[in-house]
Amino acid sequence: MKFISSNQNQLLSKIATNNGHGEDSPYFDGWKAYDSDPYHPTRNPQGVIQMGLAENQLSFDFIKEWIVNNPKASICTAEGANGFKDIAIYQDYHGLPEFRNAVAKFMGKVRGERVTFDPDRIVMSGGATGAHEMVAFCLADPGDAFLVPTPYYPGFDRDLRWRTGVQLFPVVCESSNNFKITKAALEAAYSKAQETNIKVKGLLITNPSNPLGTILDRETLRSVLSFTNEKNIHLVCDEIYAATVFNKPGFISIAEIIEEMECNRDLVHIVYSLSKDLGFPGFRVGVVYSYNDIVVNIARKMSSFGLVSTQTQHLIASMLSDDKFVDKFIAESAKKLATRHGVFTRGLAQVGIGSLKSNAGLFFWMDFRRLLKEPTLEAEMELWRTIIAHPKLNVSPGSSFHCSEPGWFRVCFANMDDETMRLALRRIKNFVIQAKGQQASAAKKQYGQSKLQVSVSFRRMEDLMMTPRMMSPHSPMVSPLVHART
Amino acid sequence: MNMLSKKARCDADGQDSSFFVGLQEYEKNPYDVVRNPSGIIQMGLAENQLSFDLLESWLARNSDVATFEKNGGSTFRELALFQDYHGLPAFKKVLVDFMAKIRRNKVSFHPNKLVLTAGATSANETLMFCLANPGEAFLIPTPYYPGFDRDLKWRTGVELVPIHCSSLNKFRITESALQEAYQQAQKLNLRVKGILITNPSNPLGATMTRLELNHLITFAMDKNLHIVSDEIYSGTVFGSSSFISIIEAARERNLENTDIWSRIHIVYSLSKDLGLPGFRVGMIYSDNETVTSAATKMSSFGLVSSQTQYLLSNLLGDKKFMKSYMKENRKRLKKRHEMLVSGLGNMGIRCLKSNAGLFCWVDMRHLLSSNTFEAEMELWKKILSEASLNISPGSSCHCTEPGWFRVCFANMKKETLKLSIQRMKTFVDSINDENSENQQLSFCITKRRSLTKWVFQLSLYDRGPDR
């Protein structure tokens with residue numbers, strides 16, 4: 001951490017000099033390792049492969065083709081230039097009507113046209129990052145809290161808390177039931193907050209989940225909505241990965257649930273962005289969609305602090321108004337994600353590494369618990385440093401996602417080409433085989449020292465943890481301890 | 001409503017001020033030469049629409065940039081993925097060069113000290129978040145841009161304490177005004193963290209003098225304060241007296257590498273000089289590493305679209321084009337300015353002498369029915385409804401003297417400006433007629449009254465001798 005003189009501390013704000021930006025967390029350490037030694041197929045083939053960035057790079061060719069065939073979408077081309085002035089001058093925080101219309105339509109399509117979105121409720125923001133901060137500013141005062149199910153995206157610590165003074169309070173979810181959000185966990189978190197005199201203003205869920213890559217089923221969504229209704233708190237749903245659902249079961253949006261259930265719509269808000277579904281994080285297109293008229297109004301005024309460049313609004317409006325393109329894109333993108341996901345899961349299964357069964361997102365929630373020296377945070381950190389140093393993969397340790405159980409890692413798979421993916425897979429496999437080999441010889445030693453009791457009980461615990469849902473279907477279930485015993 | 005935050009509930013965003021009301025009225029009935037020739041002419045929006053033709057012709061000559069055709073088309077992908085809050089290096093390089101050029105290369109800037117933000121709106125707010133805690137204050141000279149009430153105070157919780165400037169000395173900042181403002185803050189128990197100036201000034205349209213800047217610097221050194229200099233109009237200086245940036249003034253006093261140097265921060269944007277407000281390109285320049293480091297991280301909440309960074313890095317990188325653009329742009333601004341000043345002058349309305357900006361600071365005190373803000377509002381409403389012109393009343397800019405108005409001249413065609421001057425003339429004539437009628441009427445009434453008295457007295461007198 002940089003040394004900040006006490007003089008600076010007095011001259012600058014607390015916000016500027018504290019760690020609220022969260023960049024001292026290990027989530028970012030991996031990035032730093034990658035930045036100093038990034039993999040490149042020719043220039044640096046031994047470098048660190050970036051598997052910590054949830055980007056969607058699989059469908060650019062498709063989009064590029066559209067860009068080339070639609071020069072009018074750019075205000076800089078000969079075809080689009082006569083729109084340049086009007087676009088460049090337009091700074092209305094309502095956003096270009098065609099932009100809002102196109103985004104609303106896209107959001108509906110991603111939800112299989114099961115719900116429609118009102119363009120007048122679409123409020124722009126500086127990416128989902130800006131959207132989350134804006135929502136926190138609108139709904140909560142400094143010191144108030146949002147409940148967030150763990151594990152959750154580390155950026156929330158900054159986005160929801162840093163400048164707003166709002167707190168995050170975890171709703172602990174566990175691997176024993178695949179990290180589902182249970183009513184009991186919600187109630188427990190709420191009570192705990194109350195006990196410590198923390199005022200809970202809302203619940204923030206991410207659906208599909210980051211880092212789990214799973215979607216919330218109808219039952220969970222209904223239960224979550226009835227919980228927030230009952231407690232009269234806000235429900236903020238980050239649906240940024242909505243179009244990355246690549247396998248059944250299909251995505252269910254909170255927008256659908258509120259049509260099915262009695263609820264106070266003034267408490268329901270959706271955060272969205274084009275960064276993951278379309279793969280455009282650089283364009284900073286964030287959306288706050290609220291069912292509360294006052295929130296829409298206030299958020300719109302706040303959006304002045306992070307409007308979307310009209311040049312980009314224009315491009316997006318053109319692209320997302322092209323129905324044929326959009327329909328094809330949604331289908332193609334899902335297919336590519338499914339293929340990539342499949343290759344990885346099969347590859348990992350070959351070395352007995354499981355991951356949480358998932359059907360969405362740009363990552364796996366990988367189960368490396370068996371490779372931990374012991375089930376502790378320190379062991380997880382040690383394993384993570386080893387993974388960065390040896391197979392040289394920047395994966396993200398579960399602790400950076402506030403996971404309550406050590407040994408889980410988020411591994412991104414959509415931010416690289418096929419070649420790199422194959423290499424990454426090879427490196428993971430080699431690493432796991434090596435690590436298991438080392439474990440086996442360590443276990444042999446243990447066995448030789450008459451620690452039979454311990455080995456047996458360890459194996460039983462393992463059996464308990466490895467439920468069929470969590471192991472990928474083709475896993476050979478090769479436990480080194482089994483070998484050791486026979 | 002209690003379900004929402006205090007920030008959501010309060011009026012601190014200042015958007016019920018007349019500045020915004022005027023904008024709303026305009027939207028309901030906007031002037032269009034063909035479709036709505038009697039509609040309201042928008043003179044309340046400080047936009048620069050004078051030089052788009054130049055930008056458009058540049059685009060026409062550089063279409064490969066536009067279609068991402070460089071690098072075999074991989075540019076699109078790279079841009080789409082580029083979300084590094086340090087910004088596109090090429091873009092920051094051309095920006096610092098551009099900023100130096102505007103300051104006649106009297107100072108140089110380093111790309112590492114530049115932080116990109118979503119417009120100056122975001123830059124100003126971000127600086128407040130970095131420099132002051134909720135409840136602390138910044139001093140700000142009046143009159144000032146109404147948007148500051150939102151940008152600087154709303155979500156940050158920072159207070160603004162005015163430095164009162166008077167027409168008696170052309171609204172210049174004086175040492176005593178600074179002291180008074182500081183003392184006022186102390187009376188209110190507010191800890192002052194800095195001073196925020198806009199130079200060239202909005203709404204005055206004038207560049208700050210070296211003397212003013214020196215007063216500020218001395219004051220800030222003495223009280224250990226930050227200086228935030230919003231130099232968003234620096235490229236619009238068209239008059240003979242030139243623009244002196246705060247950084248130039250400090251350098252002239254050999255203050256580089258002293259304490260105060262790390263407390264001077266510049267805000268800039270391409271919205272006014274290049275007329276590109278829609279693209280949301282703002283920036284903070286500071287020598288203070290802690291500030292730029294924090295501000296860079298905060299910029300995550302409002303990054304500049306990479307698509308836009310790419311386009312503009314090419315545009316600004318064309319130095320030959322930019323040189324001729326800035327020259328021509330200034331020429332056009334100067335002409336427009338002269339048109340408005342002389343047009344108003346012909347109807348007895350004076351403007352504060354100005355050499356920059358996209359507006360004039362107009363003195364209509366003599367048109368007020370009384371020297372009050374109520375009279376100013378009355379006049380403003382009348383101009384809106386009778387002359388169909390949306391101008392900005394000085395009170396919305398926190399001016400301490402009623403009767404001043406900000407009138408924009410660069411956001412419309414020449415013909416529209418001519419028409420607005422005509423409408424103003426008609427309006428002023430009608431007021432003068434009304435006034436002289438009123439005067440005559442009141443003279444008549446006074447005359448009649450005195451006549452009656454006289455007649456009465458006369459009649460009284462006449463009755464005397466009949467007995």
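This briefing covers the annotated domain, sheets, interface and backbone features of a predicted model. Residues are numbered from 1 along each chain as its sequence is written, and chains are lettered from A in the order in which they are written. Local features need pLDDT of at least 70 and side-chain atom pairs count only at pLDDT 80 or more, whereas totals for chains, interfaces and linings use all residues, and side-chain values use heavy atoms, with hydrogens and water left out.

**Annotated domain**
- An unreviewed UniProt entry places the feature "domain: Aminotransferase class I/classII large" at residues 49-428 of chain A; such annotations may be inferred rather than shown by experiment.
- Residues 49-428 of chain A are 41% helix and 15% strand, with their end C-alpha atoms 11 Å apart (helices, H or I, of at least four residues and strands, E, of at least two are DSSP runs, numbered from the N terminus).

- In chain A, 4 strands form an open antiparallel sheet in the order S9-S10-S13-S12 (two strands pair if DSSP finds at least two bridges between them).
- Strand S9 (354-355) and strand S12 (396-397) of chain A each have a single partner strand, so one side of each is left without a neighbour in the sheet.
- Strand S10 (residues 363-367) of chain A pairs with strand S13 (residues 408-412) of chain A over 5 bridges, and A:Trp365 stands opposite A:Arg410 in S13(A).
- Helix H15 (residues 377-389) of chain A packs on this sheet, touching S12 and S13 of chain A, and its direction makes about 30° with that of S13(A) (axes are lines fitted to C-alpha atoms, for helices over the stretch in contact, and angles run from 0 to 180 degrees between N-to-C directions).

**Interface between chains A and B**
- In all, 74 residues of chain A are in contact with 70 residues of chain B (heavy atoms within 4.5 Å).
- The two chains bury about 6500 Å² between them, 61% of it on carbon and sulfur atoms (accessible area, 1.4 Å probe, lost on being put together, summed over both).
- A:Leu11, A:Arg163 and A:Phe305 supply 13% of the area that chain A buries against chain B, more than any other three residues.
- The count between the chains is 3 salt bridges (a side-chain nitrogen of Lys or Arg within 4 Å of a carboxyl oxygen of Asp or Glu).
- A:Asp141 forms a salt bridge with B:Lys6, the closest N and O atoms being 3.8 Å apart.

**Backbone features**
- The peptide bond from A:Asn207 to A:Pro208 is cis, with omega near 0°, and A:Pro208 is found in the loop between strand S5 (200-206) and helix H10 (218-231) of chain A.
- The peptide bond from A:Asn210 to A:Pro211 is cis, with omega near 15°, and A:Pro211 is found in the loop between S5 and H10 of chain A.
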